[in-house]
Amino acid sequence: MTTSAELLCPKCCDNEPLARHEISAPGVASKVTIAFCPRCRGAWIDAGALESLHELRQYIPHAGGNIMWKRDLTRGVCAACGDRPVLERLSVGAFGVDRCPQCQGLWFDGGELGPTLTDQGYEALLRALRQPAKSTT
Ligand SMILES: [Zn+2]
Ligand SMILES: [Zn+2]
């Protein structure tokens with residue numbers, strides 16, 4: 001079965017397809033789909049998936065090495081929206097996250113997902129998401 005809505009990496013220039021991982025756990029009602037880029041180790045979650053991501057944080061595999069890997073990448077475009085709007089950068093304490101201004105999906109560069117999975121990082125991210133993004137262009 002093929003999915004028509006293939007997600008492409010926001011940051012890799014040659015449209016690297018993302019590999020989706022559905023995370024669920026016994027006794028946890030929610031599940032979450034994370035799309036990892038095999039090349040740059042970034043990770044995409046859809047809008048509204050952040051809460052489930054936090055609930056399931058201990059079950060998230062170090063898939064793609066996102067948690068270990070750190071690299072600074074340029075601004076990217078949305079993985080999910082057809083017209084690929086440019087992601088806006090949010091500063092969250094010591095790390096950062098990219099958000100799609102249109103669908104509100106979130107992109108974590110390699111190394112940015114790990115800090116988000118801690119209680120502190122999650123709280124900081126929720127605070128940041130309530131504020132308008134600072135444009136860096
Ligand atoms: Zn990539
Ligand atoms: Zn979008």
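1. In the structure above, strand 4 (residues 88-92) and strand 5 (residues 95-99) pair in the antiparallel sense over five bridges. Strands here are DSSP runs of E of at least two residues, numbered from the N terminus, and two strands pair if DSSP finds at least two bridges between them.

2. This is a predicted model, in which local features need pLDDT of at least 70 and side-chain atom pairs count only at pLDDT 80 or more, while totals for chains, interfaces and linings use all residues. Residues are numbered from 1 along each chain as its sequence is written, and chains are lettered from A and ligands numbered from 1 in the order in which they are written.

3. Two residues separate strand 4 from strand 5 in a hairpin, and glycine 93 in the turn has a positive phi of about 60 degrees. Within this pairing, valine 92 stands opposite phenylalanine 95 of strand 5.

4. Strand 5 also pairs with strand 6 in the antiparallel sense, over two bridges, and arginine 99 stands opposite leucine 106 in strand 6. Six residues lie between these strands in their hairpin, where glutamine 104 in the turn has a positive phi of about 65 degrees.

5. The largest nonpolar core has 27 residues, and Leu18, Ile34, Ala35, Ala43, Trp44 and Ala79 touch the most other members. Strand 2 (32-36), strand 3 (43-45) and strand 6 (106-108) each supply at least two residues of this core, with the largest share, four residues, coming from strand 2. Such a core is a set of buried Ala, Val, Leu, Ile, Met, Phe, Trp, Tyr and Cys residues joined through C-beta atoms within 7 Å, where buried means that 20 or more other C-beta atoms, placed from the backbone, lie within 10 Å of the residue's own.

Terms used
A residue is buried if 20 or more other C-beta atoms lie within 10 Å of its own, exposed if 12 or fewer, and partly exposed in between; C-beta atoms are placed from the backbone.
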